[in-house]
Amino acid sequence: MTRKARPLAIVTGASTGIGYELAKCCAEDGFDLLIAADESAIEKAADNLRAFDVDVTAVEADLATTKGVDKLYAAIKGRPVDALLANAGRGLGKAFLDQDFDDVRHVVDTNITGTIYLLQKVGRDMRGHGRGRILITGSIAGFMPGTFQAVYNGTKTFLDSFSFALRAELKDSGVTVTCLMPGATETEFFERADMMDTKVGTAKKDSAADVAKTGFDSMMRGDGDVVSGWKNKLQSAIALVTPSPVLAEMHRGMAEPGSAKEK
């Protein structure tokens, strides 16, 4: 397939983990790639993805800022975007009152502000062209009050809700919106969130490749949402009928600092 004939996918948070695996799914399906992350490892990811014989452009930018998102958007260079996989995200463990507010702000700005700014810019273009696919990485964390992950879970609650609203607004536009809601996944997330002393941080987790494949396939079908893994499907179903105070205490058992030592 020639470069002009190949579709283009943007994948954020694509240097490692679910984002990298989503980019890999796109490359395997014949998409050219524009990938972004806030670390230099995005260049190595790009080199690996070029093995699929597609064009790959890497952008190192802080997607928690409008300036960083503008840098990514400029790299599109007017080319129609066929798929936007908005996956960039940050976590933060420990009690809210003990967290540095700069870290709190970075989580909110990465997970929400930068994400919806990019979605609005690219989404407008897609609507203008009458076609496009959007995948937003939410989380089953959005179903639970996140004791010792209060800010992170709050951002995922926002994204889960936002994705359904945006999908409804784009009904009959030719643009689909899919929300991928994974559970705990084997990535660098928990180490970066300083949660390696927690039960969830040290427990066995889902494969990032499996989660990404589930999300990619759902996006390509135009599904509204997908929870990856049967355990996560069960957990999300239980969360819908469980009182919030109970869920908050359940989350404490998973995310409280030092819980990894408990039997």
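## Burial and the basis of the model

A residue is called buried when its relative accessible area is under 20%, exposed when it is over 50%, and partly exposed in between, using a 1.4 Å probe and protein chains only. By that definition 6 of the 7 residues of strand E6 are buried, so E6 is largely enclosed by the rest of the structure. Helices (H or I, at least four residues) and strands (E, at least two) are DSSP runs, numbered from the N terminus.

The model is predicted: local features need pLDDT of at least 70 and side-chain atom pairs count only at pLDDT 80 or more, while totals for chains, interfaces and linings use all residues. Residues are numbered from 1 along each chain as its sequence is written, and side-chain values use heavy atoms, with hydrogens and water left out.

## The sheet

The sheet is open and has 7 strands, in the order E3-E2-E1-E4-E5-E6-E7, with parallel pairing. Two strands count as paired if DSSP finds at least two bridges between them. At the edges stand strand E3 (56-60) and strand E7 (225-227); each has a single partner strand, so one side of each is left without a neighbour in the sheet. From one strand to the next, the twist averages 15°. Angles run from 0 to 180 degrees between N-to-C directions, and axes are lines fitted to C-alpha atoms, for helices over the stretch in contact.

Strand E5 (residues 132-137) is joined to strand E4 (residues 83-86) by 4 bridges, and the two run parallel. In this pairing Ala83 stands opposite Arg133 of E5. E5 also pairs with E6 in the parallel sense, over 6 bridges. There, Leu135 has Thr178 in E6 as its bridge partner.

## Helices across the sheet

Helix H4 (residues 101-129) lies across strand E1 (8-12), E4, E5 and strand E6 (175-181), and runs at about 170° to E4. Helix H8 (residues 208-221) lies across E4, E5, E6 and E7, at about 145° to E5.

Arg221 belongs to helix H8. Arg221 has a relative accessible area of 57% and is exposed. Arg221 and Arg133 are 88 residues apart along the chain, and their C-alpha atoms are separated by 9.5 Å.

## Cavity and pocket

Rolling a probe the size of a water molecule over the atoms shows where empty space is left. On a 1 Å grid over the protein atoms alone, a cavity is a set of points where a 1.4 Å probe fits but cannot get out; a pocket is an open set with protein on both sides within 12 Å along at least five of seven lines, and lining residues have an atom within 4 Å of a point. Grid points are joined across faces, edges and corners, and a volume is the space filled by probe spheres set on the points.

The structure holds 1 cavity of 30 Å³ or more. The largest cavity contains about 60 Å³ of space. Its lining includes Thr12, Leu63, Val69 and Ala86. Helix H4 gives the most to this lining, with 4 residues. By class, the lining has 5 nonpolar, 4 polar and no charged residues. In this scheme Ala, Val, Leu, Ile, Met, Phe, Trp, Tyr, Cys and Pro count as nonpolar, Asp, Glu, Lys and Arg as charged, and the others, Gly among them, as polar.

The second largest pocket has a volume of about 270 Å³. H4 and helix H5 (150-169) are the elements that give two or more residues to its lining. H4 gives the most to the lining of this pocket, with 6 residues. Among the lining residues are Ile116, Arg124, Phe162 and Glu169. The lining of the second largest pocket comprises 7 nonpolar, 2 polar and 3 charged residues.

## Single residues

Most residues other than glycine have a negative phi. Lys94 has a positive phi, near 80°, and is in the loop between E4 and H4. Lys94 is partly exposed, at a relative accessible area of 28%. Asp194 also has a positive phi, near 60°, and is found in the loop between helix H6 (189-192) and helix H7 (199-202). The relative accessibility of Asp194 is 47%, which counts as partly exposed.

Gly17 is in helix H1 (residues 17-28). Leaving aside residues up to four places away in sequence, Gly17 touches Thr187 and Ala208. Gly17 and Ala184 are 167 residues apart in sequence and 12 Å apart in space, C-alpha to C-alpha.

Note on methods:
Contact = heavy atoms within 4.5 Å.
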